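Here are my notes on the model you sent over. Have it open while you go through them.

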Amino acid sequence: MKVAVSGKGGVGKTTVAAMLAVALEARGQTVIALDADPDANLAAAFGLPPERHPTPLSDMPELAAQRTGAAGPGGFFQLNPKVDDIPETCAARAGGVRVLALGGVRQGGGGCICPATALVKALLAHLVLGREESVIMDMEAGIEHLGRATAQSMDALLVVVNDDPWSLQTARRIRRLAGDLGMRKLLAVANRLRPAADLKAIQAALEGLPLIGQIPDDPQVAAGVARVGPDGRLEPADGLTAHLPAVEGILRRLREELHRDPLPEKD
């Protein structure tokens with residue numbers, strides 16, 4: 001399962017991404033959690049202290065130069081560098097989850113091409129096409145990342161929304177842009193739902209984007225999704241434990257939807 005998680009800032013997409021990764025790890029799967037947000041917070045959601053957060057690849061110019069053979073600014077370099085060892089050598093570990101951070105580089109599409117960009121693009125292709133592990137990618141908030149085609153090869157794009165009309169407007173924009181990129185497996189999850197939220201109204205506002213689950217607003221979740229115990233094992237925090245059935249339901253729906261026909265294009 002290779003799933004990218006997107007949505008408007010503030011809807012809790014990082015929390016949802018971490019919840020999915022922890023639930024998959026609890027099933028015995030090896031998971032790669034990929035932080036593609038320049039404002040990286042995914043490692044903290046797993047309870048890792050700052051000193052154990054992964055170094056963003058964009059902050060490792062020596063590695064990018066070494067792998068791409070870049071001789072200096074403006075010089076030639078390889079577009080398909082060796083990346084298969086990066087998940088083992090550059091990731092932080094939280095139990096069976098390996099956390100990687102991309103950092104603030106332009107990851108493809110219409111941006112510049114530089115050694116760091118080439119390294120990240122090659123890594124994304126390797127993680128999606130060349131690895132057996134599940135990959136959960138926490139995207140940059142908003143819609144800019146779709147212009148760079150960062151998530152184009154993922155199995156599904158999961159859009160996190162709440163009952164705020166602006167988050168639903170962003171979801172509709174994401175759908176249109178993802179359709180332009182040829183992505184057809186788009187799904188939505190409602191998060192931080194208040195008791196008075198109208199699920200039928202949210203579903204209607206998504207204009208056909210399937211709503212495959214919902215997680216209520218819970219102050220416990222703000223304290224973290226998981227923690228790493230003294231034995232190195234990943235343990236769900238109270239905020240996740242309370243909503244684990246909902247997260248398991250989202251994973252079931254994801255698997256079901258990945259075997260259905262792709263989402264039809266919107267007129």
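The points below go from the sheet as a whole to single strands, helices and residues.

1. **Ground rules.** This is a predicted model, so to speak of local features a pLDDT of at least 70 is needed, side-chain atom pairs count only at pLDDT 80 or more, and totals for chains, interfaces and linings use all residues. Residues are numbered from 1 along each chain as its sequence is written, and side-chain values use heavy atoms, with hydrogens and water left out.

2. **The sheet.** Eight strands make an open sheet with mixed pairing, in the order S3-S4-S2-S5-S1-S6-S7-S8. S3 and S8 are the edge strands, each pairing on one side only. Averaged over the sheet, neighbouring strands are turned by 25° against each other, direction ignored. On terms: strands (E, at least two residues) and helices (H or I, at least four) are DSSP runs numbered from the N terminus, and two strands pair if DSSP finds at least two bridges between them. Axes are lines fitted to C-alpha atoms, for helices over the stretch in contact, and angles run from 0 to 180 degrees between N-to-C directions.

3. **Strand S4.** How many residues of S4 are buried? Five of five, over residues 97-101; buried means under 20% relative accessible area, exposed over 50%, and partly exposed in between (1.4 Å probe, protein chains only). Both faces are covered, with Val97, Val99 and Ala101 on one side and Arg98 and Leu100 on the other. Note that an arginine is on that buried list.

4. **Neighbours of S4.** S2 (residues 31-35) runs parallel to S4 and is joined to it by five bridges, with valine 31 opposite valine 97. S3 (residues 92-94) runs antiparallel to S4, with three bridges. There, alanine 92 has valine 99 as its bridge partner, and arginine 93 stands opposite arginine 98. S3 and S4 form a hairpin with two residues between them, and glycine 95 in the turn has a positive phi of about 60°.

5. **Strand S7.** S7 is mostly covered too, with seven of its eight residues buried. S6 (residues 156-161) pairs with S7 in the parallel sense over five bridges, and leucine 158 has leucine 187 as its partner in S7.

6. **Crossovers.** S6, helix H7 (residues 165-180) and S7 make a right-handed β-α-β unit. S7, H8 and S8 make a right-handed unit of that kind as well. Right-handed here means that, with the strands pointing away from the viewer, the path from the first strand over the helix to the second runs clockwise.

7. H10 (residues 244-258) lies across S1, S6, S7 and S8, at about 170° to S8. Contact means heavy atoms within 4.5 Å.

8. **H3 against H5.** The axes of H3 (residues 61-68) and H5 come within 8 Å and cross at roughly 75°. That makes H3 roughly perpendicular to H5 (65 to 115 degrees; under 35 is roughly parallel, over 145 roughly antiparallel, the rest oblique). Leu63, Ala64, Arg67 and Thr68 in H3 meet Pro115, Ala116, Ala118 and Leu119 in H5.

9. **Two positive phi values to check.** Most residues other than glycine have a negative phi. Arginine 192, in S7 (residues 186-193), has phi near 55° and is partly exposed at 38% relative accessibility. Glutamate 207 also has phi near 55°; this residue is in the loop between H8 (199-205) and S8 (211-216) and is partly exposed at 36%.

10. **Valine 161.** The C-alpha atoms of valine 161 and glycine 9 are separated by 9.7 Å, although the two are 152 residues apart along the chain.
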